[in-house]
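Dear colleague,

Here is the structure for your files. Please open it alongside this note; my findings follow below.

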Amino acid sequence: MSDRIHTLSGYIHEYQRSVNDPEEFWARIADSFHWQKRWDKVVEWDFDKPDVKWFTNAKLNITENIFERHLYTLGDKPAIIWEPNDPNEENRIITYKELYQMTNQFANAMKSNGVGKGDRVIIYMPMIPEAAVAMLACARIGAVHSIVFAGFSSTALADRINDCTAKMVLTSDGNFRGAKSIPVKAVVDEALEKTTTVEKVIVYQRTKEEVTMKSGRDIWWHDAISDQPEEYKAEVMDTEDMLFVLYTSGSTGKPKGVVHTCGGYMVFTKYTFENVFQYSPGDIYWCTADVGWITGHSYIVYGPLLAGATTIMFEGVPTFPDAGRFWAIIDKYKVNQFYTAPTAIRALQAYGTEPIAPYKLDSLKVIGSVGEPINEEAWHWYHSHIGKGKCPVVDTWWQTETGGIMISPIAGVTPTKPSYATLPLPGVQPVIVDAEGKELKGNSVEGNLCIKYPWPGMIRTTYGDHDRCKQTYFSTFKGMYFTGDGAKRDEDGYYRILGRVDDVMNISGHRMGTAEVENAINEHPKVIESAVVGFPHDIKGQGIYAYVICDMEGRSEDNLIGEIRETVNKIIGPIAKPDKIQIVPGLPKTRSGKIMRRILRKIASKDTGNMGDISTLLNPEVVEAIIKNAK
Ligand code: WTA
C-alpha cells in the first residue's frame with residue numbers, strides 16, 4: 001500500500017509531483033498492478049479528437065488483479081458480505097476464493113452460451129452477489145458489460161440493448177425491495193420484443209415467483225453453471241479494450257453509453273478507493289449505491305475488490321423494515337467506512353434521531369457522500385449523528401464519465417468543509433473557466449468546471465457515436481474536458497460544486513435529462529408540447545416539474561395528469577416520474593421559438609419576484625397565466 005497518502009504534507013507533495021510529471025506519477029501507481037505486458041507509453045492524448053490512451057500497448061485482465069493477485073494472501077478473507085432485503089433471511093459471506101470460483105464458473109457458462117471477447121452483455125439484476133459475479137465474469141472473458149439499473153422500464157432497457165447490440169442479457173426472476181417483490185424477468189421479456197440481437201438470457205432465481213422461460217433462449221443460472229469448471233484462464237486484454245459501457249443521461253433526449261477501458265479504469269478506481277476512504281486491511285467497507293450506477297461499479301465492485309477489501313452489498317432499502325436499517329447494518333458488521341448519497345441522508349434525517357438511538361455506530365471511521373451537492377444542514381446532521389463528530393465526511397465529486405473520484409477530501413488527511421468537495425486528488429487537474437473558456441486563475445472564482453489534463457479513469461468515447469463524445473465533453477471549451485457542472489473555488493482554494501449548468505437534472509442523485517423526460521411525456525397522445533425543469537426538493541435535492549400543453553377535449557385535468565405520470569413511468573421508469581405536472585395554455589418562447597427555461601425554472605422554484613425582461617418574448621402573456629396556476 002505504498003501509494004497511500006497519510007499526511008497533509010504527503011498530499012501536497014504527491015499533488016505537486018502528479019502535476020509536474022503526470023507520467024512518472026501514474027507509472028509509479030500502475031507499477032504495483034499485475035500486467036501481462038508492461039506499457040510502452042504512460043499516456044497519449046489529444047482532447048480535440050478526443051483520443052486518450054493510458055498505458056499504451058499494456059496487456060492485462062482486471063480480474064487477475066482482483067483474484068490471482070490476492071488469492072495466496074486473502075483467499076479466505078470475505079470479499080463480499082451480502083445483506084438481504086429481509087433482515088430475517090440469512091446473509092451470505094463470500095470469500096475471495098469463493099468469488100473467484102463463482103466468477104470462473106459463470107465465465108465458463110457464458111462462454112458455453114456463445115459469448116466471447118468484445119461481445120456486449122446487458123446486466124439487469126437486483127443487488128445480489130451474482131450481479132458482481134456477472135460483471136467479473138464478463139471482465140474475465142473480455143465481454144463488455146452494460147448494467148441497466150433494474151428500476152428502468154422495458155422501453156429504457158430495450159433502447160440500451162439496441163444501442164449496444166447486446167448478445168446476452170443476465171437477469172433474475174424478481175427483486176425484493178422493502179415489503180414488495182418486483183418483477184424483473186417480465187420486464188426483460190417485454191424489452192426483448194423490441195430487440196433482435198439478444199440470443200440468450202440467463203436468469204438467476206431470487207424471488208422464486210413464476211416467470212416464463214422461452215425455450216432455446218432462456219436458461220436458469222443454476223442450470224447454466226452446473227457442471228462448469230471453477231477454473232477459467234483470464235482473457236488477455238489490451239489496456240484500451242472496452243471494460244464496460246454505462247448509459248447516462250445528457251442534455252439530449254437519448255442516453256449515451258459512456259465507455260470505460262481496462263487499464264486506466266483499474267488503476268484509477270483502486271488508487272482513489274484506497275486514498276479517499278483510507279481503507280486499511282481488515283476494514284469493513286459499505287457503499288449503499290446500486291450496481292446499476294457508476295458508484296456501484298467503481299466503489300462497490302472494482303475499486304474495493306482490486307484493493308483486497310471486504311465490500312458489503314445491500315439488497316434492500318434504507319427504510320425497511322424501519323428507518324434504522326442502515327444503522328443496524330453498520331453495527332451488525334462493524335462497518336468502518338460508510339458511503340451513501342445526500343438524498344438518503346436527508347430522507348433519514350426526516351425521521352429524527354430516534355431510529356439511530358439503539359445503535360452504537362462506533363465502528364465508523366469515515367463517512368462519505370456522493371451523487372449531488374450535500375447541503376450544509378445534511379452535512380452537519382451526518383457528521384454529528386452518524387459520524388458522532390469524529391468521522392471525516394468525504395464529500396466526493398465525480399461523474400459516470402470520470403470513472404472515479406476526482407475532487408474530495410482524503411479522510412483524516414486533508415481538511416473537510418461542509419458542502420465542499422474541497423481539493424482535487426493527485427493526478428486530477430481541475431480548472432474553472434468563464435463563459436468564453438478563459439481559465440479563471442487564483443482563488444475566489446466561480447464558473448464552469450473543466451479538467452485540463454487526462455486522468456486514467458476518464459471516458460474514452462460514447463458507444464457507437466464518437467462525435468457525441470466530442471460534442472458533449474470536448475467542444476464547449478477547447479482543449480478541456482467539460483464536466484457540465486458549475487463550481488466555485490473559495491478563498492482557501494477549496495472547490496464547491498454548484499450543480500449542473502446544462503439541461504441535466506439531478507433527482508435523488510440520479511441524472512436525468514430534461515429532454516428525456518419531455519420525450520416521454522410527449523408520447524401521451526393528448527400532449528401537444530411539454531417543457532421540463534428541475535426545482536429544489538427537500539429530500540430529493542431536485543424534483544421534476546413538467547409544464548404541459550394538452551388537448552383537453554373531453555378530459556379532466558386530474559385524469560390527464562395521472563396518465564402523463566404513468567406514461568413517463570412506462571417509458572423511463574419510476575425515477576423519472578414528474579413530482580409536479582402543470583397543464584398550461586402555452587410555453588414562454590423567444591421569437592425564434594426557443595423555450596425560455598430560465599423563466600420556467602424560476603416559477604418552479606417559486607422565485608417569481610423578478611422575472612427579468614419578458615417583453616421580448618413571443619408570448620409574454622403566458623407567463624402571468626402560468627404563475628397564476630403554478631403548483
Ligand atoms: C453531481 C455520480 C456535488 C454532479 C458519481 C455531477 C455532485 C453528477 C457530487 C454526476 C458531489 C456528483 N457534489 N455534485 N459530491 N457528486 N455530483 O454521473 O452534478 O451519476 O456532474 O455520477 O452528479 O452524476 P453521475
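Threonine 422 sits in the loop between β20 (393-396) and β21 (430-433). Helices (H or I, at least four residues) and strands (E, at least two) are DSSP runs, numbered from the N terminus. Threonine 422 is not a glycine, yet its phi is positive, about 65°. Threonine 422 is buried, at 0% relative accessible area. Buried means under 20%, exposed over 50%, partly exposed in between (1.4 Å probe, protein chains only).

This is a predicted model: local features need pLDDT of at least 70, side-chain atom pairs count only at pLDDT 80 or more, and totals for chains, interfaces and linings use all residues. Residues are numbered from 1 along each chain as its sequence is written, and side-chain values use heavy atoms, with hydrogens and water left out.

Other backbone points:

- Asparagine 57, also not a glycine, has a positive phi of about 70°. Asparagine 57 lies in the loop between β2 and β3 (59-60) and is partly exposed, at 36%.
- Lysine 49 to proline 50 is a cis peptide bond, omega near -20°. Proline 50 is in the loop between β1 (41-46) and β2 (51-56).
- Phenylalanine 320 and proline 321 are also joined by a cis bond, with omega about 0°. Proline 321 falls between β17 (310-314) and α11 (325-333), in the loop.

Most residues other than glycine have a negative phi, and most peptide bonds are trans.

Now the ligand. There are 17 residues around it; Asp395, Thr400, Asp485, Arg500 and Arg511 come nearest. Near means a heavy atom within 4 Å. α10 (294-306), β20 and β25 (495-500) each supply at least two shell residues. All 13 of the 13 residues of α10 are buried, so this helix is largely enclosed by the rest of the structure.

Polar contacts are pairs of N or O atoms within 3.5 Å; within protein, one must be able to donate a hydrogen and the other to accept it, and residues adjacent in sequence count only if both atoms are side-chain atoms. A ligand oxygen is 2.6 Å from a side-chain N or O atom of aspartate 485. A ligand oxygen is 2.7 Å from a side-chain N or O atom of arginine 511.

Arginine 511 is in strand β27 (residues 510-513) and is buried, at 16%. Its side chain reaches the backbone oxygen of serine 249 at 3.2 Å. The arginine 511 side chain also makes a polar contact with that of glutamate 401 (2.9 Å).

Best regards
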